[in-house]
Amino acid sequence: MKGYRRYFVGKFLWFCITLVAAFILNFTLPRLMPGDPVAAIVSRLAQGMSNTTGVQAIYEQYAELFGTNRPMLEQFVLYLRNVAQGNFGFSFSQYPRTVADVLRASLWWTIILQFPAIIVGWIVGNTLGAMAAYRKGGFDKVLMPISIFMSSLPAFGMAVVLLVLFGVTLKWLPTSGGYGFDLIPNLSGRFIWSMFVHYQLPFWSIVLVTIGGQAIGMRSMAIYELNADYVRYSRFMGIKDRKIVGYVFRNAVLPQITGLALAIGTMVSGALVAEIIFSYPGLGTTLLTAIRGQDYPLISATTLIITIMVLVANFAIEILYGFLDPRIKAAQAD
Amino acid sequence: MKNKNRISFIILGLLLVLSLVALSACGTSTPPVEENPAEAAPTVEVAAPTEEVAPTEAAPAEEVAPTEEAAPAEEPAPTEEVAPTEEAAPAEEPAMEEADPNALPRNETLYFNGQQWGSVVGWNPYSNSNNNAMAIAQQDNARVLMFESPYVYNMLDGKTYPLLADGPFEWNADRTEITFKLNPAAHWSDGTPVTAEDVAYTWATHVKYNTPTGASNVDYIEDIVAVDDQTVTVKAKLNDAGAAVNPLIVEAYLSANYVIQKAWTQTLEERVGEDATQLLADPAEDVVFSGPYHKYFADDSKVVMVRDDNYWGQDASMWGKLPVPTYLAHTIFKDNAAGTTALQAGEVDVSQQFNSNVQDLWEKDGLPISTYLPDPPYQIGASLPTAFYNLESPGLDQVAVRKAIAIAVDYPTIIANAMTNQSATFDQVPRSLMNPTAGEQALFDHEAVADLQWVGNDIEGAKALLDEAGIVDNDGDGWREYNGENLHYIATCPNGWSDWQAAIEVVAAAGKEIGIDITTNYPEWSVYQTIVTKSDAPLPEGYDIFMMWSDGAGPTQPWSRIRHLLSSEFIGMASNWNGNWGKYSNPDVDALIQAIPNETDPDALKEMYTELVQMYLTDVPSFTLMYRPQSFHTVNESVWTNFPFDGDGTNPPVPPLDLMDGWGVAGLYNLELVNP
């Protein structure tokens, strides 16, 4: 148990250091972009204004409100203090909405679309990959080309194919939105059904691409493991097939888990394609418009979420590794 | 053994999928409800969580349902749609909850696209940053769905018509004051009458808190006062000579700006402690309005407005009835492609977005879709997207170079590619400073400027012009030189503005034809706009030729467009959102721009405008690349019909402004159902 503790503490320390570094970068990098976000806001307010003083006054008012006229260090201290209180401030591009409000409205859509899609794609992909490696033969010969085809299709390609096929041509599924264009969100059966139906195309556009990649990776890993000495030795020992497959799967799945952690961590940005093509609500497009509009607080908050999600996912994986594979813990703790 | 394993895997996977889907469905429906507890389904809410879990899990089993449910737009779905119509129609506000509050009956809802991009931020008529395209747009053709201006402008005949006002407004003899009366029938959504005091207080508030409206008019309007309950006087600011500084802008105020209720404004002021920043940042969910529609629902994926059946305009003195659709809904699409797909599917009735090759929708796809004009240019052009020269770039200070590039450009290609022919060509509407509307075209002497106009593609003419000016290729490298330097320019516009980018590419190609090296560069809009609008410093490298817009149609046009294109008064502004970004300065032009607003004699005006066009086409400080409509106006007649079209016989004619801007709102009263 002592080994575990050292392992955890070490990991946690690195986790904190990375978080601090990422936090500083999240704050700094957007602000290094060329251009002036306050000018963009003034542009909305000042169209048609012909008196210099009026426009200048508006500019200064908003520069003061958002603090962009202060030195970067002072801005950072302010930001730090506000974030500590859970306050991300106003979104520049959607002023006077607050960042928290923008995120609250869109984060759920992203998580609900991406998380199940990634998990399902991962589970199905790995299962198929392991089965292909183990069963070989016809199953493998059919599955592999399909997997390679699907994984080499870019996400937007898959999305457009699905959209045209099932949305436009066959008209089985709706082409855009998170729920029926004629509905108002509520908890009626009709609305939930509509959400379910609208969920399908974006969901499968992510799942199908994920399945292909995962299946290929898992198959290679499993083939490698199946030929390992311990498998042959186990066979000689007369250990049951089922038990051997269990060992094989556990060993082969390790690198795949890292991939899963990263996929979950970066799902916010990964949602962009599905969101744009299906006009699905979510954080991906929010981030895109934030970057285009130089919305520093919104960019910082979104990237902070991504950072924390990646870190937490990685941390969780490292911990999980410790249990899954005692060798890693042992190596790290030494 | 193997099979067992496989089956267990599959079962496990399926179970996971199902549980996650169920989870997701339950989870998502919560946030929107939280956001708007008042609007979203008040009756269902309480019982919801426990009861509603079941349908989600049950859903996948009902395999038959999805096809029917998923495509409600396809057919007007007779059985489903009739019921809500009957329920909702005779009822007023309270009864709406009895009808299915969660579904918008297709036969009562008019769907839009191309207006609202991103979520609505607020409903505050004092602010410009509500991102609320359906409700708030104080502009030349003010959007009068929720808030109303005293008058509305009709870009087709160039006249203003009373809305909240009663009868036309009148100038006094000196043209220093406008007086108008309010319609006694006009009342607010809370039932109280719209009074002159409201008009005066709105102005006072704009000035007191330096709102965008206040700041942009305070140099021209001295005060707005209530003479009695119904009578308003607008006092113009006077110049040293005792004349109004700008009577045109004073007049335009009446059709561009909303009247906001005094009582509500006072509530707002109290709420924000009379703080200007907070006043503008207030989302104003409680705002009192006078227009026929108001907020029903808004979230990240749509905004819906519902008709106020108590709207004053049903009085015989105004429209005599209510607008036809009960709901106006706008799905928030992420890009034009998604919007076009929805238009094709019949999920959008009125499209205010650029639908590339719009004619294919009816010619090839055979859809019941049409534009205001049946043939190219399909739309009525109103604004003039323009390429500006940086007049400080070496060589571009020479008229010969500017004119040579401008006459060499292949405009038909721009119009065909960038606008897919949704712009009049320069053969149809020869270039000037006016938009293609009849009213503006009548304002100048066409013959007097005819030999100055060009239609483009004149490579030989351009070469001759340069040769004549001595700007030739001396060192034989293929590029002409000026002062010993090769002529090299960078043409630019914002990245991702694909129609503009297509146009800029054509401009660059023209340069190469005549020995001027023009390359292109596309910075992000956030960078581009910061640089272009900074008129107190020289434009940096990379901005030799750049695109910006010009004004559309409105009561101050074409004067205001000309001012924004040519007036030197904007040079030196730190944040110049007006125009003349290339920094053209010509005292004769300035003098004419100064004089026009106070000129009332039509003949003198025509002479002055003609002179301006002559100077513009001679000096070429910038040049029009295409004509662009005020609003794109494409309609799908699957559900609704009787939309405005060219020659529809309406009098006054309803302009193609998507049934919401200026006099265009009149179109809402003429709509009919295809299948009543």
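## Hairpin E4–E5 of chain B

Five residues separate strands E4(B) and E5(B), which form a hairpin; within its turn, Arg175(B) has a positive phi of about 55 degrees. Strands here are DSSP runs of at least two residues (E), and helices are runs of at least four (H or I), numbered from the N terminus. E4 (residues 165-171) and E5 (residues 177-182) of chain B pair in the antiparallel sense over four bridges, pairing being defined as at least two DSSP bridges between two strands. Thr179(B) in E5(B) is the bridge partner of Glu170(B).

This is a predicted model, in which local features need pLDDT of at least 70 and side-chain atom pairs count only at pLDDT 80 or more, while totals for chains, interfaces and linings use all residues. Residues are numbered from 1 along each chain as its sequence is written, with chains lettered from A and ligands numbered from 1 in the order in which they are written.

E5(B) also pairs with strand E7 (residues 231-236) of chain B, in the antiparallel sense and over five bridges. In that pairing, Ile178(B) stands opposite Val234(B) of E7(B).

E8(B) runs antiparallel to strand E9 (residues 302-307) of chain B, joined by five bridges. Lys295(B) has Met305(B) in E9(B) as its bridge partner.

## Helix pair in chain A

The axes of helices H8(A) and H10 (residues 241-265) of chain A come within 9 Å and cross at roughly 135 degrees; axes are lines fitted to C-alpha atoms over the stretch in contact, with angles from 0 to 180 degrees between N-to-C directions. Residues of H8(A) making the contact include Gly217(A) and Met221(A), and those of H10(A) include Ala252(A) and Pro255(A). Contact requires C-beta atoms, placed from the backbone, within 7 Å.

## Nonpolar core

The largest nonpolar core has 271 residues, and those with the most contacts inside it include Leu145(B), Met305(B) and Ala503(B). Such a core comprises buried Ala, Val, Leu, Ile, Met, Phe, Trp, Tyr and Cys residues joined through C-beta atoms within 7 Å, where buried denotes 20 or more other C-beta atoms within 10 Å of the residue's own. Helix H8 (residues 189-226) of chain A gives the most to this core, with 20 residues.

Not counting residues up to four places away in sequence, Ala503(B) touches Ile414(B), Ala418(B), Met547(B), Leu625(B) and Met626(B).

Key:
A residue is buried if 20 or more other C-beta atoms lie within 10 Å of its own, exposed if 12 or fewer, and partly exposed in between; C-beta atoms are placed from the backbone. Two residues are in contact if their C-beta atoms, placed from the backbone, lie within 7 Å.
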